[in-house]
Amino acid sequence: MTAARQQGTGEQLDLFDEALKATVRHGEAGPGGSGTRAREERQADTAWRRERALTRGLMEKIASSANLNQAYKRVKANRGAPGVDGMTVDDLRPWIAVNKDALLTALLKGSYQPQPVRGVEIPKPGGGKRQLGIPTVVDRLVQQAILQVLEPLLDPSFSASSFGFRPGRGAHHALLRAREYVADGHDVVVDLDLEKFFDRVNHDVLMSRLARRIGDQRLLRIIRRFLAVGMMQYGVSTVRHEGTPQGGPLSPLLSNLLLDDLDKELERRDHRFCRYADDCNIYVRSQAAGERVMASVTGFLASRLRLRVNREKSAVAPVGERKFLGYRLGAGGILGIAPKSLQRTKARLRQITKRNRAVSLAQMIGEANAYLTGWVTYFRHARSHSELRGLDGWLRRKLRCVRLKHCKKPAGLRRFLCQHGVSPLQARQLASSGRGWWCLANSPQAKIAMNVTWFDQQSLINLTARHTALNARRNRRVRDPYARWCERGGP
């Protein structure tokens with residue numbers, strides 16, 4: 001294999017190597033504030049002081065050509081929307097060719113200044129809006145480069161009960177762990193919902209946690225600038241004094257770092273808990289114990305991390321009355337699909353199968369298949385055969401409505417039914433009934449013409465069969481519950 005093949009070709013060429021050599025050759029890296037200062041003496045923990053001493057030269061690793069090239073590949077693969085400057089991912093390579101020397105110098109000196117993020121609001125599944133902050137493409141490149149160096153240093157020290165946005169961990173691992181707790185008799189859950197967590201992260205608290213572990217002051221200054229950079233929305237730039245908006249590569253790691261204090265406190269108290277990002281469930285044996293835990297943890301979050309618990313969305317209740325990551329835990333730890341997850345799925349399918357959409361039935365089926373394949377794969381651990389059978393039947397009825405309406409006139413409807421096994425008399429009765437499409441789709445004639453076999457021929461996914469296949473031993477992707485989960489972290 002040639003060297004060019006090993007390093008990649010085309011877009012994957014080493015973009016930074018020559019510029020980095022020139023920067024180092026001219027001595028532009030400099031100390032840049034990485035020397036020792038009085039802050040080290042105030043660290044009470046010897047292990048933290050030793051770790052910080054080993055992390056004073058991180059900017060050289062971050063600005064290395066290998067790391068930056070890898071970050072470029074990741075940003076390019078992730079695509080994403082442009083930031084406030086309008087630069088797209090396709091524009092990044094030409095920008096690097098012109099500005100790589102200045103970028104490397106700014107990184108190594110610790111003087112890199114990020115641009116404001118572009119504020120975007122998206123609807124939340126439970127109502128309301130979620131605030132996103134989309135960094136520029138160049139800022140995403142720098143954040144990704146920082147993430148690739150910091151994650152191997154910070155992640156190993158995180159709690160084993162933290163599952164969100166971590167390598168080799170995912171939502172299914174959290175659910176399987178929660179199932180063990182419930183099966184062991186901890187069937188009351190303290191369901192904690194942090195109020196606007198990503199908007200309420202205190203910068204000083206977060207930076208103090210980061211400074212315990214990182215000794216390179218250049219890196220700390222750059223991360224602080226990323227936290228404090230303004231948000232551009234509706235043409236107005238707003239200065240931010242708290243929060244780490246979702247949208248940048250660094251945000252999940254920083255949130256896990258901050259909430260690691262909560263994890264360690266729960267471990268110290270010997271609680272059974274699962275945390276996925278800002279969604280934390282603590283499992284106890286009684287309602288009274290749950291109320292005590294809720295009160296004490298709420299006080300801990302307010303005093304230590306300056307975070308508030310959403311009283312309306314948080315609760316202490318039997319596990320069957322709450323949902324966790326789209327699932328519902330039942331007696332003995334049995335996993336099922338939460339009712340709200342089914343409602344959201346039906347709402348999405350209603351959008352896909354609207355009868356007034358000017359698309360073919362084949363396109364609708366293709367869109368439904370694309371959505372439902374990932375959905376049923378995520379819920380493969382649920383024992384919900386009746387719900388899946390019901391959803392299969394409901395979707396087939398929706399699609400029968402569409403196909404019947406495409407016939408347009410009674411003559412076309414009679415012809416279609418007769419072509420698919422319905423007697424002329426029954427076809428004529430249905431075509432002249434005058435009932436609505438939803439009612440017609442549930443008629444015996446429609447079910448004869450468009451039965452399960454007909455939908456199989458149209459390549460419509462069968463959720464019940466797909467779920468059974470996913471749980472069959474030969475098709476199971478997760479043999480060891482904690483070995484690996486490579487699906488998305490949410491429904």
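A search of the whole structure, which is a predicted model, finds three cavities of 30 Å³ or more. A cavity here is a set of points, on a 1 Å grid over the protein atoms alone, where a 1.4 Å probe fits but cannot get out. Grid points are joined across faces, edges and corners, and a volume is the space filled by probe spheres set on the points.

On conventions, residues are numbered from 1 along each chain as its sequence is written, and side-chain values use heavy atoms, with hydrogens and water left out. Local features need pLDDT of at least 70 and side-chain atom pairs count only at pLDDT 80 or more, whereas totals for chains, interfaces and linings use all residues.

The largest cavity holds about 170 Å³ of space. Its lining, meaning residues with an atom within 4 Å of a point, comprises 16 residues, and Q143, F226, R240, T244 and P245 lie nearest the centre. Which helices each supply at least two residues of this lining? They are helix 11 (217-228) and helix 12 (251-268), and helix 11 gives the most, with three residues. Helices are DSSP runs of H or I with at least four residues, strands are runs of E with at least two, and both are numbered from the N terminus. By class, the lining of the largest cavity has nine nonpolar, six polar and one charged residues. In this scheme Ala, Val, Leu, Ile, Met, Phe, Trp, Tyr, Cys and Pro are nonpolar, Asp, Glu, Lys and Arg are charged, and the others, Gly among them, are polar.

The second largest cavity has a volume of about 50 Å³. Its lining consists of D392, L395, R396, V452, F455, D456, L460, I461 and N462. Helix 16 (385-406) and helix 21 (452-457) are the elements that give two or more residues to this lining. Five of the lining residues are nonpolar, one is polar and three are charged.

I turn now to aromatic rings. The structure holds ten aromatic pairs, where rings of Phe, Tyr and Trp (its six-membered ring) pair if their centres lie within 6.5 Å. The rings of Y112 and F226 have centres 6.2 Å apart and planes at 40 degrees, so this pair is tilted; planes under 30 degrees apart would count as stacked and over 60 as edge-to-face, with the rest tilted. This pair links distant parts of the chain, 114 residues apart: Y112 sits in the loop between helix 6 and strand 1 (117-123), and F226 in helix 11. Are these two residues buried or exposed? Y112 is buried at a relative accessible area of 8%, and F226 is buried at 10%. Buried means under 20% relative accessible area, exposed over 50%, and partly exposed in between, with a 1.4 Å probe and protein chains only.

F455, from the lining of the second largest cavity, pairs with W454: the ring centres are 5.0 Å apart and the planes at 85 degrees, so the pair is edge-to-face. Both W454 and F455 are buried. Separately, Y327, W375, Y378 and F379 form one aromatic cluster.

Finally, two polar sites. R79, in the loop between helix 5 (65-78) and helix 6 (92-109), is partly exposed at 40%. Its side chain makes a polar contact, at 3.1 Å, with the side chain of D90. A polar contact is a pair of N or O atoms within 3.5 Å; within protein, one must be able to donate a hydrogen and the other to accept it, and residues adjacent in sequence count only if both atoms are side-chain atoms. H173, in helix 8 (residues 171-183), is buried at 3% relative accessibility, and a polar atom of the H173 side chain lies 3.1 Å from the backbone nitrogen of G170.

Methods:
On a 1 Å grid over the protein atoms alone, a cavity is a set of points where a 1.4 Å probe fits but cannot get out, and a pocket is an open set with protein on both sides within 12 Å along at least five of seven lines; lining residues have an atom within 4 Å of a point.
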